[in-house]
Amino acid sequence: MPVSPLSRRGPVRVQPFFGYRNAERLYLNARAICSREQVFERRSFWRDFATMVGQYLSKEVPGLPAELEYQLRDGRILRQQAVSCPEGYVRFDLALDPDSPQPNRTRWEKAVVRWQRPDGTPGEAPAYILSPGSQTQIGVISDIDDTILETGITGNLRAIARNWKRVMAQMPSERILVPGATAFYAAIGGNPAGSREPAAAIDALIPKARIRPVFYVSSSPWNLFSYLVTFKRDRGLPLGPVMLRDWGFNRRTLGKESHGSHKLETIETILKTFPDLRFALIGDDTQKDLVAFGSIAAAYPGRIAAVFIRAVSDEPLCEEELRAKDIIAEAGVPFWFGNDYRAAESFLESAGLDCEGEVERLVRSASKTGRCKREGSYKSSSASTEPM
């Protein structure tokens, strides 16, 4: 039998998540927990199961003081102190005074989070901050579950029961990548220097970044941050800030309604933080992503560069989703709907997209070849052909 994850508590530490900044402010979330550094290696079923249970049954540390240290380009150092809340979250909102202009090209910057444990011993961890380039025109906001990572738990209870091991006992290396996702995200995110190879992982003072900043919005809990980052790094997917949820037993965080509200609020925050960027939105048809994207397209005219929806469910679009699709079309936003990113990959290999622009061509070509399973048959995807 596995050793209970509760008996393997490590020292008090602060886990920084990926942050981001514009020219005026820097945003970074972290969490104070009792835990060792996360290692996701395949061993045995029961040990892997214990590892995953330990992710969900995290031991939060409330009331822990922490400090963020960030160095400006002129060498000056800014600091901000914060204290973890009852759920262990530490939230930094640092004013960059004087303004710190964004770099010409999108890049990762490094900061440091420091804390002092209850026994008096110090701790510190690197924190990575994504800074979109001032010359960048388009960013990407993407869902995770069933958009890049197959869950197998959409649909009825039988499907959930059949695939529970994926969520509760599989390491990142065992999880199924959505077909064609690596090449598709390499193209729409843009690899450094036009490379067709996956970008390097975050492992240096100034790590490589994609040309277009990529943000992830998911309804998964914050406990899975390191797990999801490991999965994306292993599969060559672009790294970027991951906006997850704090799961609690209340109406605010449970139920389908909370999925949509979380995504809407988070996407709006990103749009307001980077008012000069237009964004491509990528999701799937399992959690009303299309409805959320339609609301965003209507509320922020001219800010959405394209909408991509991966078809996972066999159910036809509901009336609410059809209305959202019409709203997206009326807003003149290119729209792709299909079940396999490889429909876009074949186009990317032959066309060779440049660093900016060409998103509309990608959408049109992918939609011509993409197929979407609906009501037992395959129908061609549709796309708006109005100029961006």
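**Notebook: chain overview, strand β8, cysteines**

I looked up the surface first: the accessible surface of the chain comes to about 17,800 Å², and 51% of it belongs to carbon and sulfur atoms (Shrake-Rupley method, 1.4 Å probe; for residues, only the protein chains shown count as cover). I note that this is a predicted model, where local features need pLDDT of at least 70, side-chain atom pairs count only at pLDDT 80 or more, and totals for chains, interfaces and linings use all residues. Residues are numbered from 1 along each chain as its sequence is written, and side-chain values use heavy atoms, with hydrogens and water left out.

I checked burial next. Of the 388 residues in the chain, 53% are buried (under 20% relative accessible area; exposed is over 50%, partly exposed in between; 1.4 Å probe, protein chains only).

I then read the secondary structure: 10 helices and 16 strands (DSSP runs numbered from the N terminus; helices are H or I, at least four residues, strands E, at least two).

I picked strand β8, residues 122-131. In β8, 7 of the 10 residues are buried, so the strand is largely enclosed by the rest of the structure.

I looked for its partners (pairing takes at least two DSSP bridges between two strands). β7, residues 107-116, pairs with β8 in the antiparallel sense over 10 bridges. Glu-109 stands opposite Ile-129 there. β2, residues 19-21, runs parallel to β8, with 2 bridges. Tyr-20 stands opposite Leu-130 in β8.

Last, I searched the whole structure for disulfides and found 0 (cysteine sulfur pairs within 2.5 Å). Cys-85 is partly exposed at 23% relative accessible area. Cys-318 is partly exposed at 27%.
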